[in-house]
Amino acid sequence: MAVQTLSYAIDEQDHVIRVDDGFYRFAEENGWDGAGASLGRSLWDFVAGEGVRRLQRLLLRRIREGVRGGELPFRCDGPEVRREMDIRINSDRTGRIVLFSTRLRAASPRPTRQPVFDPSVPREDGFLQICTWCDRFLVDGEWVEVEVAAKRLQLFLRSEMPQLDHDICPRCSGTLLAA
Ligand SMILES: [Zn+2]
């Protein structure tokens, strides 16, 4: 029986301070060596890719500011399995401790020869514009916060992150011009 849920928490320095039993079983399922030594390590040791890290940092900052991220879909494949999971991220009232709870939504066998492009995953067909000043993203003609962009574009489900294109949104450009 595959692991269905797991959770972990980080402190204000983004160090992993608590993991549950599901976390260890999930690590075992994926053949992660040294999962038992996860406590005290930086969350960012476990996040691959510059683009993903950047988006997750923005998202974490928003959640620490008290924004509710709701549930976000993300991909977490194992050596032989393609997984779609949902993650819920919440912070405590002080914004220091952040708790991640994930739940398995769907799992299917992963082809041994992974195609270069997985057709079932939304493909990135261009650049994603981000406002340099307020860190909002342009999605369907609307400037939205990172948690909304991640949900609408299913960013964490993609096998590849879109390239970020730095821009300035009308609101920030108006503020700057008025200053
Ligand atoms: Zn802006």
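User: What makes Cys131, Cys134, Cys169 and Cys172 the protein donors of the zinc ion?

Analyst: Donors are N, O and S atoms within 2.8 Å of the metal (3.2 Å for Na, K and Ca). In this predicted model, the SG atoms of Cys131, Cys134, Cys169 and Cys172 lie 2.3 Å from the zinc ion, so they count as donors. Water is not among the atoms, so sites may look incomplete. Along the chain the donors follow the spacing C-x2-C-x34-C-x2-C. Cys131 in strand 6 (residues 127-131) and Cys172 in helix 4 (residues 170-178) are 41 residues apart, a link between distant parts of the chain. Helices (H or I, at least four residues) and strands (E, at least two) are DSSP runs, numbered from the N terminus.

User: Why is the arrangement around the zinc ion called tetrahedral?

Analyst: Four donors count as tetrahedral if all angles lie between 85 and 135 degrees. The four donor atoms subtend angles of 104 to 114 degrees, so the arrangement is tetrahedral. Ideal angles for four tetrahedral donors are 109.5 degrees.

User: Why is the pair of Tyr8 and Phe100 called stacked?

Analyst: Rings of Phe, Tyr and Trp (its six-membered ring) pair if their centres lie within 6.5 Å; planes under 30 degrees apart count as stacked, over 60 as edge-to-face and the rest as tilted. The ring centres of Tyr8 and Phe100 are 4.8 Å apart and their planes are at 10 degrees, so the pair is stacked. Tyr8, Phe23, Tyr24 and Phe100 form one aromatic cluster, and a search of the whole structure finds three aromatic pairs.

User: What makes Arg57 count as sitting over the ring of Trp44?

Analyst: A charge sits over a ring if NZ of Lys or CZ of Arg is within 6 Å of the ring centre and within 35 degrees of the ring normal. The charged end of Arg57 is 4.3 Å from the centre of the Trp44 ring and sits over it.

User: What makes a set of residues a nonpolar core, and which residues have the most contacts inside the largest one?

Analyst: A nonpolar core is a set of buried Ala, Val, Leu, Ile, Met, Phe, Trp, Tyr and Cys residues joined through side-chain atoms within 4.5 Å. The largest has 37 residues, and Tyr8, Phe100, Phe137 and Phe156 have the most contacts inside it. Helix 2 (residues 50-64) gives the largest share of this core, six residues. Apart from it lies another core of five residues, among them Cys131, Trp143, Cys169 and Cys172.

User: How are residues numbered, and which limits apply to the model?

Analyst: Residues are numbered from 1 along each chain as its sequence is written. Local features need pLDDT of at least 70 and side-chain atom pairs pLDDT 80 or more, while totals for chains, interfaces and linings use all residues, and side-chain values use heavy atoms, leaving out hydrogens and water.

Conventions:
Tetrahedral: all angles 85-135°; square planar, octahedral: opposite > 155°, others 65-115°. Buried < 20%, exposed > 50% of the residue type's maximum accessible area, 1.4 Å probe, protein only.
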